Amino acid sequence: MLRWLKTAADVIGGGLFLALFIVFLVQITARFGFNRPLAWTDEGAVILYVWIILWAAAVVVPEREHVVFDLVWNSVSRRTRQVMRIAGHLLVGGLALTAIPASWDYVHFMNREGTPVLGVSFMWVFLPFVLLLVALVVRAAWAIFNALRGVGLEADVHT
């Protein structure tokens, strides 16, 4: 089941990236090929870019590939790494959990506004931020669970 979900997340991310690439091609062709720039391509590219970045951070890029500073991590004992991992994920997961209600209220409020050219509801533009927060909470909970079991505490795990 997890493998299927990972594949689905990768396919969605790839589809978003492909859509952005196509929008860029249309934009370049219209602007430089026909000397008639299209406003919708600029707006579409920005919306897709926001979705790609937040989607990838939420569900595509594994934790071990995020930027980390492991100089301290690699120089402390296994028990200290366990405490660091739990404390760090409690902080990140707790902040994300605290931010979800207000972020959802804002995103839901923005349903009344649309983008200037395409008329896409800003709720759909900003929705991936809420998805990112939910993913951070789930990832933090999973990481804490694994840290309590002693999983993923090896030195040099992030290199």
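In which helix do K6 and D10 both lie, and how many residues apart are they? Both lie in helix α1, four residues apart, about one turn of the helix. Welcome to this predicted model, in which local features need pLDDT of at least 70, side-chain atom pairs count only at pLDDT 80 or more, and totals for chains, interfaces and linings use all residues. Residues are numbered from 1 along each chain as its sequence is written, and side-chain values use heavy atoms, with hydrogens and water left out.

**Salt bridges**
- The whole structure has two salt bridges (a side-chain nitrogen of Lys or Arg within 4 Å of a carboxyl oxygen of Asp or Glu).
- One of the pairs is K6 with D10, whose closest N and O atoms are 3.1 Å apart.

**Helices α1 and α2**
- Helix α1 covers residues 2–33 and helix α2 residues 39–60; they pack at about 160°, with axes 9 Å apart (helices are DSSP runs of H or I, at least four residues; axes are lines fitted to C-alpha atoms over the stretch in contact, and angles run from 0 to 180 degrees between N-to-C directions).
- That makes α1 roughly antiparallel to α2 (angles over 145 degrees).
- Their contact holds 17 nonpolar, three polar and four charged residues (Ala, Val, Leu, Ile, Met, Phe, Trp, Tyr, Cys and Pro count as nonpolar, Asp, Glu, Lys and Arg as charged, and the others, Gly among them, as polar).

**Helices α3 and α4**
- Helix α3 (residues 78–109) packs against helix α4 (residues 122–149) at about 155°, with axes 8 Å apart.
- α3 is therefore roughly antiparallel to α4.
- In this contact there are 24 nonpolar, five polar and one charged residues.

**Nonpolar patch**
- L18, F21, I22, L25, V26, W40, V117 and L118 make a nonpolar surface patch of about 690 Å² (residues with over 30% relative accessible area and no salt bridge, nonpolar side chains being joined within 5 Å; areas use the Shrake-Rupley method with a 1.4 Å probe).
- Helix α1 gives the largest share of the patch, five residues.

Key. Helices (H or I, at least four residues) and strands (E, at least two) are DSSP runs, numbered from the N terminus. Angles under 35 degrees count as roughly parallel, over 145 as roughly antiparallel, 65 to 115 as roughly perpendicular and the rest as oblique. Patches are made of residues with over 30% relative accessible area and no salt bridge: like charges are joined within 9 Å, nonpolar side chains (Val, Leu, Ile, Met, Phe, Trp, Tyr) within 5 Å.
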